Amino acid sequence: MDSASGGSDNSIKEAIPATASALLSAASQQGGGGGGESSPSPAPPSRYESQKRRDWNTFLQYLTNHKTPLTLARCSGAHVIEFLKYLDQFGKTKVHVTDCPYFGHVNPPAPCACPLKQAWGSLDALIGRLRAAYEENGGRPESNPFGARAVRIYLREVREGQAKARGIPYEKKKRKRPTVTTTAVGVNVSRTSTQPVDGGGGRGRIGGGDDSVGAKTGANVGSATAVAAATTNSV
């Protein structure tokens, strides 16, 4: 019995160091892995942010390659319009000229030699991204060339011209107004029926009362006079 217990004790003593060493090695591996891990990588930019960055870099490159190189501080609405016209050469939207037989046709039956341009929707979205990028890069909102009045007028002219040329009216989407549900709440107001005080009538009644009092007083005075007269006569 003692030998059996001694054997079990020896096996336990042998198992404890093995288990401890295994735990220590696992902990060291985890610690080493934790030390080697870098901070969580930032989330990748959204599609909008990536496109905005590309558009901004393209515009800055345009300013650098301008026939008279421009700085961002000297950029105006006129330069933005030049940039939009420059982009027309890369457009893929057929815009029929006035003399084209397919002017105003939504689906022309045959090809024509009319130029390809940037669609109005693409230009409008581009200006929105560049306007945001300008302010994100230190520009002041009041001096933002992408929000200039001349740029807005140019975009409106492009929209109207392409609508006529392509026969596709650009209708402004109407914002749906939130539906407001009104609940009628019945309120019972108890009104105390009071007769208006008629000052004239009241005074008339009061006056009438005064008249009746006067009449009674006169009658009493008359009775007293008659009594006095009768007493005098009897004397």
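Contact here means heavy atoms within 4.5 Å. The views below show a predicted model.

**View 1. Helix H2 meets helix H3.** H2 covers residues 47-64. The axes of H2 and H3 come within 11 Å and cross at roughly 105°. Angles of 65 to 115 degrees count as roughly perpendicular, so H2 is roughly perpendicular to H3. On the H2 side, the contact is made by Thr-58, Phe-59 and Tyr-62. Their partners in H3 are His-79, Glu-82, Phe-83 and Tyr-86. By class, the contact of H2 with H3 holds 4 nonpolar, 2 polar and 1 charged residues.

**View 2. Helix H3 crosses helix H4.** H3 spans residues 77-87, and H4 spans residues 120-136. Their axes come within 12 Å and cross at roughly 135°. H3 and H4 are therefore oblique to each other. The crossing is right-handed. H3 brings Val-80, Phe-83, Leu-84 and Leu-87 to the contact. H4 brings Leu-123, Leu-126, Ile-127 and Leu-130. The contact of H3 with H4 counts 8 nonpolar residues, with no polar and no charged ones. Phe-83 of H3 meets H4 here and also takes part in the contact with H2.

**View 3. The second largest pocket.** This pocket has a volume of about 180 Å³. Its lining has 14 residues. Nearest the centre lie Val-95, Lys-117, Val-158, Gly-161 and Gln-162. Helix H5, residues 149-166, gives the most to the lining, with 6 residues. The lining divides into 7 nonpolar, 4 polar and 3 charged residues.

Notes:
Residues are numbered from 1 along each chain as its sequence is written. This is a predicted model: local features need pLDDT of at least 70, side-chain atom pairs count only at pLDDT 80 or more; totals for chains, interfaces and linings use all residues. Side-chain values use heavy atoms; hydrogens and water are left out. Axes are lines fitted to C-alpha atoms, for helices over the stretch in contact, and angles run from 0 to 180 degrees between N-to-C directions. Helices (H or I, at least four residues) and strands (E, at least two) are DSSP runs, numbered from the N terminus. Angles under 35 degrees count as roughly parallel, over 145 as roughly antiparallel, 65 to 115 as roughly perpendicular and the rest as oblique. A crossing is left-handed if the near helix is turned anticlockwise from the far one by less than a right angle, and right-handed if clockwise. Ala, Val, Leu, Ile, Met, Phe, Trp, Tyr, Cys and Pro count as nonpolar, Asp, Glu, Lys and Arg as charged, and the others, Gly among them, as polar. On a 1 Å grid over the protein atoms alone, a cavity is a set of points where a 1.4 Å probe fits but cannot get out, and a pocket is an open set with protein on both sides within 12 Å along at least five of seven lines; lining residues have an atom within 4 Å of a point. Grid points are joined across faces, edges and corners, and a volume is the space filled by probe spheres set on the points.
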